[in-house]
Amino acid sequence: IATDLGFSKPSVSRGVGLLKKAELINVDSKGYITLTDEGVKIAERMYERHTVLSSFLEKLGVSSETAAKDACKIEHHISAESFEAIKKFNEKI
């Protein structure tokens, strides 16, 4: 994970530990990581946020590359209320 995503090994180890503690992932004896049911729910919600926000920013004239990068920053911090408003507006335009 560290090599593929360009993060330090200690950062990945800490992140995996936090996800395990939160019961969002399982790690088997061979080191394979899978999402728990709750992990899947959160991943699906984040993916929806990412795709909606990217689409919305692109409709505003932002380049695809910048829209994707900015969506990554926004999707973790935006309130549910604001996201739902953007989602509804994005569907209209």
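Which residues are exposed on the other side of helix 5? Keep that in mind; the tour gets there at its last stop.

**Before you start**

This is a predicted model, in which local features need pLDDT of at least 70 and side-chain atom pairs count only at pLDDT 80 or more, while totals for chains, interfaces and linings use all residues. Residues are numbered from 1 along each chain as its sequence is written, and side-chain values use heavy atoms, with hydrogens and water left out.

**Stop 1: the largest pocket**

Select Val-16, Leu-19, Leu-24, Ile-25, Ile-33, Thr-34, Leu-35, Gly-39, Ile-42 and Ala-43, which line the largest pocket. Two or more of the lining residues come from each of helix 2 (9-21), strand 2 (33-35) and helix 3 (37-59). Helices (H or I, at least four residues) and strands (E, at least two) are DSSP runs, numbered from the N terminus.

The volume of this pocket is about 160 Å³. A pocket is an open set of points on a 1 Å grid over the protein atoms alone, where a 1.4 Å probe fits, with protein on both sides within 12 Å along at least five of seven lines; lining residues have an atom within 4 Å of a point. The volume is the space filled by probe spheres set on the points.

Colour the lining by type: eight residues are nonpolar, two are polar and none is charged. Here Ala, Val, Leu, Ile, Met, Phe, Trp, Tyr, Cys and Pro count as nonpolar, Asp, Glu, Lys and Arg as charged, and the others, Gly among them, as polar.

**Stop 2: Thr-34**

Now pick Thr-34, in strand 2. Thr-34 counts as partly exposed because its relative accessibility is 44% (buried is under 20%, exposed over 50%, partly exposed in between, with a 1.4 Å probe and protein chains only). Show Leu-24, Ile-25 and Asn-26 too: Thr-34 touches them, not counting residues up to four places away in sequence (contact means heavy atoms within 4.5 Å).

**Stop 3: Ser-54**

Move to Ser-54 in helix 3. With a relative accessibility of 8%, Ser-54 counts as buried. Beyond its neighbours within four places in sequence, Ser-54 is in contact with Ala-67, Ala-68 and Ala-71.

**Stop 4: helix 5**

Finally, select Phe-83, Ile-86, Lys-87 and Asn-90, which are buried in helix 5. They sit on the same side of helix 5 because they cover an arc of only 105° around the axis, taken from the directions from the helix axis to the C-beta atoms. Helix 3 is among what covers these buried residues. Turn to the other side of helix 5, and you have your answer: Glu-81, Lys-88 and Lys-92 are exposed there.
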